[in-house]
Amino acid sequence: MTAAGRATGDSPSSVPWSARGVRGLLLRWGLPRDPHASRHVTGFLVVTVLTVLVTRGALAATGFPQVGGPGLHVSHVLWGGLLLAVAVLLALSFIGPVVRPVVVLVGGVGFGLFVDEIGKFVTEDYDYFYGPTAMLVYVAVVALALIGEALSGLRSAVPPEKLAAAVDQAVAGVAGGFSPRVRAHAHDLLAAADGVPGRDEAAALVATVRPDGSELPDPIAWVSHTVVAVSRRLVRAAWVPRVAVVTIAGTALLGVARGLWLARDGGTSGWIVGALLVGGAATTAACVVGLLTDDREHAFTWFRRGVLVSLLVTQVALLRIEEWAGYAGLALDVVLLGLVAAELDVLRERGAPPAEAADGTTQAW
């Protein structure tokens, strides 16, 4: 609420929508969301998964050596905890946005080393090779991804949050100056905060920041931009989205077939068979709905839902059955999700209507 509004005693109903509800409460508490939070959370979780894969692969290649000598075993969970503590110290020691990519990398490696040893802490015999470990790691990562999505990904940042991000960027600029890239980003944030009280003052502060080409490399942003650029370049080829959809449907049907095979043989937990059957059937159904719709954007929305079902249901069961095969399936689903998301972004930017065939009918392809 503005000072003028407070002076005239505005009623709660006149408070802007962005100041109401949970998000409005967070803003009044001084907790604006970072517009780049989704990228940082994704980077943290990707680094976590890569750390688990590299750690398990390196240990398997070296025969699972025991570090520490006779009577001692220095588990890598200790190094993970130490790196997590270092990430927290970095986050508490520096202000501004520059330190966050470093926190993402250090914290992601630390959490990966920590969660890789989860089998030791859920079994009586301290078993690192506990069968469901890969599944538990994946469930932990998915849970964190869903929490991150709930916090920052469901709705875009409101103008006051954009202004807060611009001021946050200015914090780094006041100390070290702005490179052309960072200055352009700050101006974009200010443009998105037009009309927010304090916007003009923040713009004046940004204008006083001196030019400086030196900046700390941001590998998280670089990888994110590269992945987006490559995905969009790929989907420009008409055959790539089609192959992606065929692959989504094909892997879903294989999941159903795998579930039926396990059900016939017996000896497999019922929830695993059920997850394979339900997940595969739901993904297949989503693909069928997408193929039957005439609206290309609507179709790819359904394909995206199908991949998400596979990630949240089918892959959990596959990781419980075979660790490395499950990781391969997980990697394939992530690539497919990236391609489908890239196609959706392109379609939404173009505002493309359904394609029209030579006979005048509309078709999704």
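**Reading loops, helices and a pocket**

Modeller: At 42% relative accessibility, Tyr126 counts as partly exposed, because that label lies between buried (under 20% relative accessible area) and exposed (over 50%), found with a 1.4 Å probe on protein chains only. The model is predicted, so local features need pLDDT of at least 70 and side-chain atom pairs 80 or more, while totals for chains, interfaces and linings use all residues. Residues are numbered from 1 along each chain as its sequence is written, and side-chain values use heavy atoms, without hydrogens and water.

Biologist: Where does Tyr126 lie?

Modeller: Helices are DSSP runs (H or I, at least four residues), numbered from the N terminus. Tyr126 sits in the loop between α6 (118–121) and α7 (133–153). Its backbone deserves a look too: Tyr126 has a positive phi of about 55°, although it is not a glycine.

Biologist: Which phi does Phe64 have, and where is Phe64 found?

Modeller: The phi of Phe64 is near 50°, a positive value in a residue other than glycine. Phe64 belongs to the loop between α3 (37–61) and α4 (76–93). With 36% relative accessibility, Phe64 counts as partly exposed.

Biologist: Let's turn to the helices. Where are Val86 and Ala145?

Modeller: Val86 has its place in helix α4, and its relative accessibility of 32% makes it partly exposed. Ala145 is in helix α7; Ala145 is partly exposed, with a relative accessible area of 32%. Here is a contrast of sequence and space: Ala145 and Phe44 are 101 residues apart in sequence, yet 9.7 Å apart in space, C-alpha to C-alpha.

Biologist: How do I read a pocket, and how much space lies in the second largest pocket?

Modeller: Rolling a probe the size of a water molecule over the atoms shows where empty space is left. On a 1 Å grid over the protein atoms alone, a pocket is an open set of points where a 1.4 Å probe fits, with protein on both sides within 12 Å along at least five of seven lines; lining residues have an atom within 4 Å of a point. The second largest pocket holds about 680 Å³, the space filled by probe spheres set on the points.

Biologist: Which residues lie nearest the centre of the second largest pocket?

Modeller: Pro97, Val98, Gln169, Val182 and His185 do, out of 35 lining residues. At least two lining residues come from each of α3, α5 (100–115), α8 (159–176), α9 (180–192) and α11 (219–235). Helix α8 gives the largest share, eight residues.
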